[in-house]
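Please read this briefing alongside the sequence and the 3D view.

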Amino acid sequence: GVNVGEATARKLGQAAAEQGIRLSLHAPYFINLANPDPDSLKKTTAYILDACRAADWMGATRVVVHTGALMKRTRREALDIALASMQEVLKAWEGEGYGHIALCPETMGKLGQLGDLADETEQRRSSMLSYIAQAIHLEDKGRIRDMHMLKKGMTNKLMRFSCDGENYLLRIPGEGSNKLTNRREEAVVYSALAGKGISDEIVHISGETGFKITRFWEGSRGCDKTAEADVAACMALLGKFHAMGLSVPHDFNIFEKLAYYESLRGEKSTYHNYEAVRAQVVALKDILDALPGERTLCHIDSVPDNFLFTPQGLYLIDWEYAGMCDPWIDVAMFCISAAYDKEGIDRTMVLYAGREPTLAEKAKVYCYVAAGGLLWSEWSEYKQQFGVNYSEYAVRQYRYARHFPAHAQEAYAQWQREGGGA
C-alpha cells in the first residue's frame with residue numbers, strides 16, 4: 001500500500017522544492033488493471049487514489065501506474081479489460097479532485113505484461129473517446145470520428161474531432177497547467193458568460209480535470225496584431241464585454257498571483273536581478289490602490305490569439321485566467337502579448353477608449369504592463385520545470401517588468417501634479 005504519512009510527504013515535497021527537484025510517485029506494484037475481478041478493481045482504484053493523495057501532499061504532479069499482466073489472456077483481451085478498468089479509475093480520480101495529477105501508465109516492455117508503446121497509445125486514445133462520449137452523452141463511441149491533435153498551445157493541448165457531422169475541440173490541460181489556473185473558477189466564469197455572445201460555445205467543461213469541449217468554428221482566424229483594423233475590433237469587443245459589468249465570486253489579484261507562481265517555481269529565479277526588479281514592480285501596488293478604478297469581470301489572458309474572427313462574428317475564447325479586476329488590465333495583457341513598445345501600447349489605449357486616455361488610465365496600464373510582464377515570466381519559469389521552454393517569450397515579458405515601472409511612476413507623478421486624487 002501507500003504508507004507514507006502526510007507530515008513526511010509534505011516535508012519531502014518541501015525539501016525537493018528547495019532543491020529544484022520535481023517529484024513523481026509510483027503507485028503500489030500490486031496494481032493490475034487487466035484483472036477483471038471486481039474486488040481486484042476496488043483495490044486497484046484504492047491504491048491509485050492513495051498514491052494521488054500522497055502525491056498531492058508532496059506536490060508531485062505525476063503518479064505512475066502499472067497497466068497489468070496478461071494472466072494467460074491474449075494481449076487484446078487483457079488490454080480491453082485494462083481499458084475498461086481505467087475508465088472506472090478515472091471516474092474515481094476526477095470525483096476525488098485529483099485532476100491536477102497526471103496518471104501515467106507505465107511502459108513495461110515485457111512480453112507477459114501490458115505496457116508497450118502500442119498499448120499505451122491505444123489506452124490514451126480509448127480514454128479520450130470514452131471521456132468525450134460521456135461528456136456529450138453518447139452511447140456509441142463509434143460516432144466520434146477524425147480525432148487528431150490540432151495544436152499544442154502555451155497552456156493547453158487541443159484535439160479536434162467530429163460527431164454526427166459537427167466539429168468540436170477537446171482541450172486537454174498541458175504540463176503543470178492545472179496548478180496555474182483554477183478550473184472550478186473557470187467553469188463559474190463560463191456560466192456567467194453563457195448566452196452573452198462573447199465567448200466560445202461550451203459543450204462540456206470539467207471544473208476538476210480542466211477538460212473542455214467546445215464547438216469548432218470553420219474558417220476562423222486569430223487577430224493580426226499588426227493590422228489596426230483587427231486591433232480596433234478586438235478593443236471594441238473588450239469594451240463591449242467590460243460594459244456588461246459581469247461579476248463572479250473570485251478576484252484576479254496580480255500581486256497575489258505573482259507570489260503564488262513564485263511558490264510554484266520553488267527554486268531561485270534564473271534572472272540575476274530578479275529581486276530588484278520584483279521590488280520595483282510590487283511597489284506599483286500602492287499606485288494602483290491610489291488611482292481611481294472600477295471592478296468587473298476581466299479576461300486576463302486577452303492575447304491576440306484568443307480573439308477569434310469567425311464567419312459568425314468576433315469572439316473572445318479561453319477564459320481560464322478570468323476574474324474580477326480593473327478592465328484596463330485586459331488592454332495591458334493584449335499589448336504585452338503582442339510585444340508592443342510604449343508607442344504601440346499608447347495607441348492601443350486610444351483604440352480601446354475611443355479617445356485619448358487620461359493620465360490615471362495611462363499610469364494604470366503601465367502598472368499592469370510591468371506586473372503582467374513579471375507574472376508571465378514567472379509563469380514561464382514554472383513551465384520550464386516540465387521541459388516546456390518559452391525562453392524568448394519569458395525574456396520579452398521580463399523586459400516589461402524592468403522598464404515599465406518608470407513609465408508608471410512618471411505618469412502617476414504627473415497625474416498627482418495636475419490635481420489627481422485631490
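R171 counts as buried, because its relative accessibility is 2% (buried means under 20% relative accessible area, exposed over 50% and partly exposed in between, with a 1.4 Å probe and protein chains only). The model is predicted: local features need pLDDT of at least 70, side-chain atom pairs count only at pLDDT 80 or more, and totals for chains, interfaces and linings use all residues. Residues are numbered from 1 along each chain as its sequence is written, and side-chain values use heavy atoms, with hydrogens and water left out.

**Residue R171**
- R171 lies in strand β6, residues 166-173 (helices, H or I with at least four residues, and strands, E with at least two, are DSSP runs numbered from the N terminus).
- The R171 side chain makes a polar contact of 2.6 Å with the side chain of E186 (a pair of N or O atoms within 3.5 Å; within protein, one must be able to donate a hydrogen and the other to accept it, and residues adjacent in sequence count only if both atoms are side-chain atoms).
- The side chain of R171 also reaches the backbone oxygen of G210 at 2.6 Å.
- Leaving aside residues up to four places away in sequence, R171 touches several residues, among them N156, R183, F211 and E320 (contact means heavy atoms within 4.5 Å).

**Residue A290**
- A290 belongs to helix α10, residues 284-290.
- With a relative accessible area of 38%, A290 is partly exposed.
- Residues up to four places away in sequence aside, A290 touches Y412 and W415.
- The C-alpha atoms of A290 and G420 are 9.7 Å apart, although 130 residues separate the two along the chain.

**Helices α8 and α13**
- Helix α8 (residues 254-265) packs with α13 at an angle of about 20 degrees, and their axes are 9 Å apart (axes are lines fitted to C-alpha atoms, for helices over the stretch in contact, and angles run from 0 to 180 degrees between N-to-C directions).
- α8 and α13 are therefore roughly parallel to each other (angles under 35 degrees count as roughly parallel, over 145 as roughly antiparallel, 65 to 115 as roughly perpendicular and the rest as oblique).

**Helices α12 and α13**
- The axes of α12 (residues 342-353) and α13 (residues 359-384) come within 11 Å and cross at roughly 125 degrees.
- α12 and α13 are therefore oblique to each other.
- K342, I345, D346 and M349 in α12 meet E361, K362, V365, Y366 and V369 in α13.
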